[in-house]
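Here is a quick tour for anyone opening this model for the first time. Have the sequence and the 3D view side by side, and follow along.

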Amino acid sequence: MNNKQHTITNAVTLSGVGLHTGVVANLTFLPAPANHGIKFQRVDLPGQPIADADVDYVVDTSRGTTIEHNGARINTVEHVLAALVGLEVDNILIQLDGPEPPIMDGSSIKFVEALKDAVLVEQDAHRKFFELTEEVRYKDLENGIELAALPLNDYRMAVMVDYNSKFLSSQHANLSHVSQFEKDFSMCRTFCFVHELEVLYKAGLIKGGDLNNAIVIADKDYSETELAHLAEVLGKPKISVSKEAGILNNTNLHYNNEMARHKLLDLMGDLALVGRPIKAQILASRPGHASNVELARKIKKLMLDAEKNKVPTYEPKQPPIFTHERVYELLPHRYPFQMIDKIIYLDDTSVVGVKNVTMNENYFMGHFPNNPVMPGVMQVEAMAQTGGILVLSSVEDPENYWPYLVGIENCRFRKSVIPGDTIIFKCELQAPIRRGIAKMTGKAYVAGQVVCEAEMTASLVRKS
């Protein structure tokens, strides 16, 4: 899996009819900055409102997943989202001039091809993975549905479907690495049964449905009279059923288990609504959009609970966001006040920096020389420098500003810091920066324990 965030280089547009609304719309993928996430924009509505692709905004799961946020409603988002997850695209703006993305051929392949034509590009920010630390399960015993998300330092999925149909037996599909999606899953099309068509049509759905954008499966032997009636409902001159495969108009399958593969595609798209790339083993028996969304809700709740007490971790093999050279370019401090070795995380509201404490620190010569302890004031200085990087990142030309520490409140030292310790500093904004003033909370950790914490105020001043 990619460690860095990705977007696209160029805008790209697709056009087509929406599966359920039947409205022709243009969908445009646009590049977005790091930490932007996935957002939809209804450019046909007053004010062109933007909706976050988030499970909190799901309003309907009948035959597709619909979100609504800020007055923007978007139907059937799952195929687009699956393409983004499969290509590991983190940041993108999806503009629509209608209520629903084009259904295309009923799969994700056209979205995958468009995104690749737009050229994927790596961004200078790490991906914000959420790695499960405990099992998450959803069960609907009445309908025989069961989904589970299990801890795994990777992304894998396994799906089983069983419709008790003589033409659609039990099927399984497995994805062992996200890179498989494009080749093995993205072209797998949506499907339904013949008996569902008239019901869906009368319910005001599948207005854009066609036999060239869905696989339609017979669930019994149909008479010529019944097929003629179905053709009239669908506006087709004639409909036939393959006696061997039980599929309308002899549609050729891409895979024998194409239906299970499409259910995996749907599940991947729906779980994108967690809001962050996840690391987990996903197991699903007879999944549907409603169950997918419920699992996504449970995962997001676990993620938010974990965020409340999250202790930043440091993986030395992971490339830093800023090396010490870039830190020293941004901060004016020089020896012996160069306190931060690297920045390992940075977004709009938080930053994480690392300092390796060695016996060679100059202050150990006089600060308890027979029992070397890092002075608390130096811990605060290092934490303030970490916060300084966060404040400087809020302007386009950080080299032209000085970040001054102008206030410290509620400072506490919890544990001694000694040579050999690696300190991880995390600073978070308490509120948006206004008029160059930033209020932050800062914590310093050694081996997962808080050693120092404080509330700090910084002032951003342009160099004269």
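## Two buried loop residues

Let's start with Thr 190, which sits in the loop between helix 3 (181-184) and strand 16 (191-193). Keep in mind as you look around that this is a predicted model. Is Thr 190 buried or exposed? Its relative accessibility is 14%, so Thr 190 counts as buried, the cut-off being under 20%. Neighbours within four places in sequence aside, Thr 190 is in contact with His 79, Gly 106, Asn 213, Ala 214, Ile 215 and His 262.

Ser 108 is another loop residue to look up, and its loop runs between strand 9 (92-96) and helix 2 (109-117). With a relative accessibility of 0%, Ser 108 counts as buried. Again leaving out neighbours within four places in sequence, Ser 108 is in contact with His 79, Ala 82, Ala 83, Phe 181, Ser 186 and Leu 265. His 79 turns up in the contacts of Thr 190 and in those of Ser 108.

Strand 9 is mostly covered, with 4 of its 5 residues buried. As background, strands of a sheet pair through backbone hydrogen bonds, either parallel or antiparallel. Strand 9 runs antiparallel to strand 3 (residues 24-31), and 5 bridges join the two. With strand 4 the pairing is parallel, over 5 bridges.

| Residue | Opposite residue | Strand of the opposite residue |
|---|---|---|
| Phe 29 | Ile 94 | strand 9 |
| Gln 41 | Gln 95 | strand 9 |
| Ile 343 | Gly 353 | strand 20 |

Which residues touch the most other members of the largest nonpolar core? They are Phe 29 and Ile 299, in a core of 66 residues. Not counting residues up to four places away in sequence, Phe 29 touches a list of residues including Ile 8, Val 12, Leu 14, Val 80, Ile 92, Ile 94, Phe 111 and Leu 115. Apart from this core lies another, of 40 residues, with Ile 321, Leu 330, Ile 389 and Ala 438 among them. In soluble globular proteins, nonpolar side chains tend to be buried together.

## Helix 7 and its partner

Ile 299 brings us to helix 7, where it is one of the buried residues. Also buried in helix 7 are, among others, His 289, Asn 292, Leu 295, Ala 296 and Met 303. Helix 7 (residues 289-308) has 20 residues and spans 29 Å from its first C-alpha to its last, close to the 28 Å expected at 1.5 Å a residue.

How does helix 7 sit against helix 6 (residues 258-271)? Their axes come within 9 Å and cross at roughly 35°, and the crossing is right-handed. On the helix 6 side, the contact is made by Asp 266, Leu 267, Asp 270 and Leu 271, while helix 7 brings His 289, Asn 292, Leu 295, Ala 296 and Ile 299.

Strand 19 pairs with strand 20 (residues 350-356) in the antiparallel sense over 4 bridges.

## A few backbone details

Finally, some spots to check along the backbone. The peptide bond from Tyr 335 to Pro 336 is cis, with omega near 5°. Pro 336 lies in the loop between helix 8 (324-330) and strand 19.

Gln 48 isn't a glycine, yet it has a positive phi of about 45°. You'll find Gln 48 in the loop between strand 4 (38-42) and strand 5 (50-52), and its relative accessible area of 38% makes it partly exposed. Asn 410 is also a residue other than glycine with a positive phi, here near 50°, and its place is in strand 21.

Key
Residues numbered from 1 in each chain as written. Predicted model: local features only at pLDDT ≥ 70, side-chain atom pairs only at ≥ 80, totals over all residues. Heavy atoms only, no water. Buried < 20%, exposed > 50% of the residue type's maximum accessible area, 1.4 Å probe, protein only. Contact = heavy atoms within 4.5 Å. Pairing = 2+ DSSP bridges. Expected span 1.5 Å × (residues − 1). Core = buried A, V, L, I, M, F, W, Y, C linked by side-chain atoms within 4.5 Å. Axes fitted to C-alpha atoms, helices over the stretch in contact; angles between N-to-C directions. Left-handed = near helix turned anticlockwise from the far one by under 90°.
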